[in-house]
Amino acid sequence: MRRTAALAALGALLAAVAGCGTDGPGAAAAPAASAAAERYGCLTEAQAAAGSVRIPGGLADTDAYYRDSDTGGARVALVLAHQNGGSLCDWVPYLDGFTGAGYAVVPFNANGDVADGFAAVAGWLKGKGVTRLVLVGASKGGTGALVAGALPAPVPVAAVVSLSAPESFGGNNAATAVKRLTAPVFLAAEELDAPFADDARSLHAAAASAHKELRIYPGGHHGVPLLDDGALPDVRAFLAAYAPATG
């Protein structure tokens, strides 16, 4: 009986040792599992594997999704920040149109200071060979885009697009920033979306840019849905004029 128990104990020990070399905490497979690309609830596995990135920042890292233009080697990139309560997934339905037009795109999760998020992505894109940026934001993302567009950036800001931005959000004050904003700027809101339509008018009036456009659409939608309510073709025309993909 003693011999049987000893053999059983030895077998258990050998199994445990073998497990440490395969499925245990030090197993080779563990890093692969932890390095699985983030899908954010909207990307396919292939999209995530090709473009999900975590960009180091000052106070926090920024989760983002990078996609080059359809032809590759894009030199102009759209950096997109979502509205409060949203995520980078808000922009995914529109990315094909932009990459097809020759732009790289980087929607990011704006969970901290939005202007800081734009700066982190801009620094990362410099290493990808991007030479000009378009900052695009919805609601709080638009406020952050206006603030970031008025600050020095690692890559020149060619234009800013703001959809339903409040004059301020958190630590980002767009009402002050637009007085220093010289890049071309597109501001939009819907008439019944108070107070954001009035905010768009005020921001447009205060912007220092020599090239600024204001669009107030009928309806009461807020942020990204403006693209489906008439803003998308206007944004494309604005980009073609002031930040062409071939520029």
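The legends below describe close-up views of a predicted model.

In this predicted model, local features need pLDDT of at least 70 and side-chain atom pairs count only at pLDDT 80 or more, while totals for chains, interfaces and linings use all residues. Residues are numbered from 1 along each chain as its sequence is written, and side-chain values use heavy atoms, with hydrogens and water left out.

**View 1. Helix 4 packs against helix 9.**
Helix 4 (residues 92-100) and helix 9 (residues 231-242) pack with their axes 12 Å apart and at an angle of about 35°; helices here are DSSP runs of H or I with at least four residues, and strands are runs of E with at least two, numbered from the N terminus. Each axis is a line fitted to C-alpha atoms over the stretch in contact, and angles run from 0 to 180 degrees between N-to-C directions. Tyr94, Gly97 and Phe98 of helix 4 make the contact with Leu232, Arg236 and Leu239 of helix 9, where contact means heavy atoms within 4.5 Å.

**View 2. Phe108 and Phe118 form an edge-to-face aromatic pair.**
This is one of 4 aromatic pairs found in a search of the whole structure, and its rings lie 5.2 Å centre to centre with 80° between the planes. Rings of Phe, Tyr and Trp (its six-membered ring) pair if their centres lie within 6.5 Å, and planes under 30 degrees apart count as stacked, over 60 as edge-to-face and the rest as tilted. Because Phe108 lies in strand 4 (residues 104-108) and Phe118 in helix 5 (residues 114-126), the pair ties together parts that are 10 residues apart in sequence. Phe108 is buried, with a relative accessible area of 1%, and Phe118 is buried at 2% (buried means under 20% relative accessible area, exposed over 50%, partly exposed in between, with a 1.4 Å probe and protein chains only).

**View 3. Phe186 and Phe238 form a tilted aromatic pair.**
The ring centres of Phe186 and Phe238 are 5.6 Å apart, with 50° between the planes. Phe186 in strand 9 (residues 185-190) and Phe238 in helix 9 are 52 residues apart, and the pair links distant parts of the chain. Both Phe186 and Phe238 are buried, and together with Tyr242 they form one aromatic cluster.

**View 4. Cys42 and Cys89 form a disulfide.**
The structure holds 1 disulfide, and the sulfur atoms of Cys42 and Cys89 are 2.1 Å apart, where a disulfide is a pair of cysteine sulfur atoms within 2.5 Å. The torsion about the S-S bond is about -80°, so the disulfide is left-handed. Cys42 counts as partly exposed at 27% relative accessibility, whereas Cys89 counts as buried at 16%.
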